[in-house]
Amino acid sequence: MRKYILSILLSIICTVTAFAQQISGVVMDSNGDPIKGVKVSVVSEASTNAITDAHGIFILDSTDPYIEVNYANRMVKRLWAKEKDNTIILEANDLLIENQVEALLEKSSTAATSTVTYQEMHRNASNNVESLYQGYLTGLYNKNVRGQGSALQIVDGLERTIENVNPEDIESVTVLKDAAALALYGVRGANGAIVVTTKRGAYNSFNIKADYKRGHITLINNPKMLDAAGYATAVNEALYYDNYYGVDPANIPAGVDPMFSRYSQQQVDYYANGSGDGYDADLYPNVDWVGEGTRDYATNNVLNITFDGGGKNIRYYTNINYQNNDGVLNPTFAERSGIYNTQIRDYQLNVRTNLDIDITKTTMIKVDLNGRLVEKNNPNLGSRKVSGKDKRYENKDAFGWMFGTPANAFPVRTISDQWGGDELYKRNPIAMISSRGYLETTMRMLRSNFDIEQDLSMLTKGLKATVGIAYDNTGIYKEYGSQTYAYETNQLVLNSETGLLGKQSNIIGKDGTMSFDLSGLKSQYIRYAFKGNLAWNRTFGQHNINTVLQYRRESYNPTGVYTTRENTVGVVNYNYANRYFLDMSLNYSGSSKLPVGGKYKVYPAVSAAWAPIMDDSKTLGYLKVRGSYGRVGYDNVSKLYMDKQYWITGTAYNLYGAYANISSGGGLKEGTIANPNFSIVDDTKYNFGVDGVLFQNLSFTADAFYTQRRDSFVDSQNIISEILGVQAPMVNKGAIDYKGIELGLNFQKSGKDFSYYVGANTTYQSSEIIENGEKFPVEPYLSHKGNRLGQHYGLEKLGFFNSWDEINDSSTPKHLFSDVRPGDIRYKDQNGDGKVNELDVVKIGQTGTPQIYGGVYLGMEYKGFGFDVMFRYATMFDVHQNNGQIYQPLRGKNNISDWYYTDGNVRWTEATKDQANLPRLSTLNNDNNYRKSTQWLVDGSFLRLSNVKVYYNLPQNWTKSLHMDELKVYVAGNDLYSWDNIKYEGTSLSERRSIFAGVEIKF
């Protein structure tokens, strides 16, 4: 009925305007509902435009048929219009993709891109920006595009960190993957780009939205460490196999316990029972350090208030966001009321305003302002020396101490109410988070864009100029409260006079008063960009030509390191009848990181597409075949000024005076050899893709890509003779090839009361090392050439040594990493030289990053009730298990988890040697057992239930009575469950399950 009424209104308007030279029509969404506030303009004369009314109707005073329909949520469509009765439907693939130079229409783009919109991301309630779009975008895994390294992050046209964007502000996220999309970034686009575009307002509208949610974050999959009795028993077992297992009793020294026990059975009983004659809580503690130091959950609160809309000449979007996060430390120790607080928590305030102002019919100003204030509180854990510099301990260190301190090391607090401690572990994890002081960090960030667009059609049709600047300033301020604490050590000592064991207590250190460091600004990051665009967009019949010439200069100054980049880019786009597309670009790009004489590079790209079917068939409504070729660079040089020669501090020399007095004097020596001709990574990218829509509801996309990466940095120490005597430089000799395919499907259908969708995507990627600067291998299998990037290498496990006879057998290869004993791993002697050493390291398993990954998502809504579900998966990769507390127990000062006893694991002992799958326990470094090998390599494949959201939209008759347009209540969960082969990923408390409850109100 609504469509019928709109058709009548449109017919009347068209009849009235038929004798005027006008174009008229109606703009609707994919459900057939009219859209208010849409700007319809002539492509070659932007000042000729109209805004749709409440019925979606527009009247355009022009006879130029090539028009653009532009809505605030980045939906854009270009078409050749009829004189009257134009019904224009904005569909899911009518998206605007912006980069630094031009705006691409997804439907007619020749580039390889993948986009997710706010509506799709909003199905997830997470506050982590990255988790919102993971699983939707083909080719993207975490921050990595097509396996080619960490991607460039762009927010509203400038390189910016995405994690500092409020999720509510994001309109869309696009991944740029091929040369057609990336050549415009010149010296920094080779790894791909993740482009975030924020929201803007719509003409002739006014909307208010409020969204509040509360989250409950639960710690999951943390290893359980053995209790005191279990630890003591494990140590005794390890010492036995380290020392006297299998030794002739006649060779054991007199008075030595053959079991070589550190703990007597009575002591083990004290630990287990916490009581008994002679029991002392100071001497026989049993502490669950993780349980004492943390609580099981953290909390999160988020509030968003949004105003968006506009009038006839202005559009605006404003959001105020506040959130707080309260951490997982035990409040008993962290929240010392009236003194200070060391709880891990943060408070964030974000304010964003995006304005579009039509100053005149030909001049528009865009102003984007984003302010962000973040205050973080943490325990002050002190610092340590790393490479001669002070490096502060972080929260992960505190968690590592909790997991790494044995349950029997010392009590949290002693009987005399002092912090417990000893000279071996020194740090009491609970005392460190409670009594060392606090660290408060404040980040103040301002991001701004200012653009002026001037329509120059009065000079020649289709001409437009844009001038813009962007300025970001981020300051990090820190406040320290520091103090010391006393701790008590307790041990059993032998009284020489009485011959009896007695308890000896010592107080070490003292409880100091709090000292403060209020020095303020610790670091500052300033980014500046200037751009000037000249664009010409004309239509000649069915031919459309769009050209852009841009100059861009950016500078980045992160506290003393100054980097500048320049780009001069020319782009030509040709479109015939929305059927044939040809795009060409040329980028003359430079970077201050490059040496004099080689600072500028040229990056060309060409791409084409053919769309034989567009909106003509109900079976195949849309089809596009595209391909691209081009070159891109990457200037993320690890060391600056590699073209300069430097002298560095040398070794001190002993100086002998006249009377043989010895003193030392420092000196200088030649540093790494300069490389005056170094360059940067140079990628040549090829891409072939197909996009389409079947049966009006099923969209699909497929891409095949091939990248040749050349001139990557490799260490030349294997290329230049060691006789040189100084550190050889990094040189541009590396070569890697990447290839893969991407597939994506999405089906959605909407009805009056019922709607649903289902989608899936997958990416397969692989790589091959062509050149890596390696020296000539002694054995062919030692070469990494021809293998995949990130391939695991290690020893091949054959089993365990089960006896001394096996170890001493003349036919057994000698394992040279450390002395081996029964229960140690036996490896394959790959070259048959009778020795197992570094020459027996081979390719094992797969790569360390997934070769296949993607997402599956689905959802439905019926009469207001609905749900959304997202699964993420990855396979064809392996994980090396090397966390000390879990996989290398008792080694050095490592603790031990019950993983060595449970989860289907059987450690080697004399009784279990026939079914053991883990080596014996050992207190020694045991370099033989803990090398990278097939023993510790595990299939990393996973299927993760990343997001579930269940919601209810209240009926409109209810909301109207409450003077609201919409009211939604929901509950959601993130990272709810994972099907995988890895029980524990680490000891940093990083694995968390989040449950949210929230409400959204629109006015």
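Does Asn204 count as buried, exposed or partly exposed, and what is its relative accessibility? At 32% relative accessibility, Asn204 counts as partly exposed, where buried means under 20% relative accessible area, exposed means over 50%, and partly exposed lies in between, for a 1.4 Å probe and protein chains only. The structure is a predicted model, in which local features need pLDDT of at least 70 and side-chain atom pairs count only at pLDDT 80 or more, while totals for chains, interfaces and linings use all residues. Residues are numbered from 1 along each chain as its sequence is written, and side-chain values use heavy atoms, with hydrogens and water left out.

The secondary structure of the protein chain comes to 13 helices and 57 strands, these being DSSP runs numbered from the N terminus (helices: H or I, at least four residues; strands: E, at least two). The radius of gyration of the chain is 34 Å, close to the 30 Å that the globule rule gives for 1003 residues, so the chain is as compact as a globular protein of that length; the radius is taken over C-alpha atoms, and the rule is 2.2 Å times the number of residues to the power 0.38. Along the principal axes, the C-alpha atoms fill a box of roughly 120 × 70 × 65 Å. Buried residues make up 52% of the 1003 residues. Among contacts between residues at least 6 apart in sequence, 68% join residues at least 24 apart, a contact meaning heavy atoms within 4.5 Å.

Asn204 has a positive phi of about 50° although it is not a glycine, and its place is in the loop between strand 16 (193–198) and strand 17 (205–219). Most residues other than glycine have a negative phi. Met876 also has a positive phi, near 60°, and is likewise a residue other than glycine; it is placed in the loop between strand 52 (865–875) and strand 53 (878–880). With a relative accessible area of 24%, Met876 is partly exposed.

Strand 1 (residues 23–28) and strand 7 pair in the parallel sense over four bridges, and Gly25 stands opposite Asn86 in strand 7. Strands of a sheet pair through backbone hydrogen bonds, either parallel or antiparallel.

Ile430 lies in helix 10 (residues 429–435) and, at 0% relative accessibility, counts as buried. Leaving aside its neighbours within four places in sequence, Ile430 is in contact with Trp289, Glu292, Gly293, Phe333, Val412 and Trp419. Ile430 and Met402 are 28 residues apart in sequence, and their C-alpha atoms are 7.9 Å apart in space.

Arg626, found in strand 36 (residues 620–634), is buried, with a relative accessible area of 3%. The side chain of Arg626 is joined to that of Asp691 by a polar contact of 2.8 Å, and to that of Asp703 by a polar contact of 2.7 Å. A polar contact is a pair of N or O atoms within 3.5 Å; within protein, one atom must be able to donate a hydrogen and the other to accept it, and residues adjacent in sequence count only if both atoms are side-chain atoms.

Key:
Pairing = 2+ DSSP bridges.
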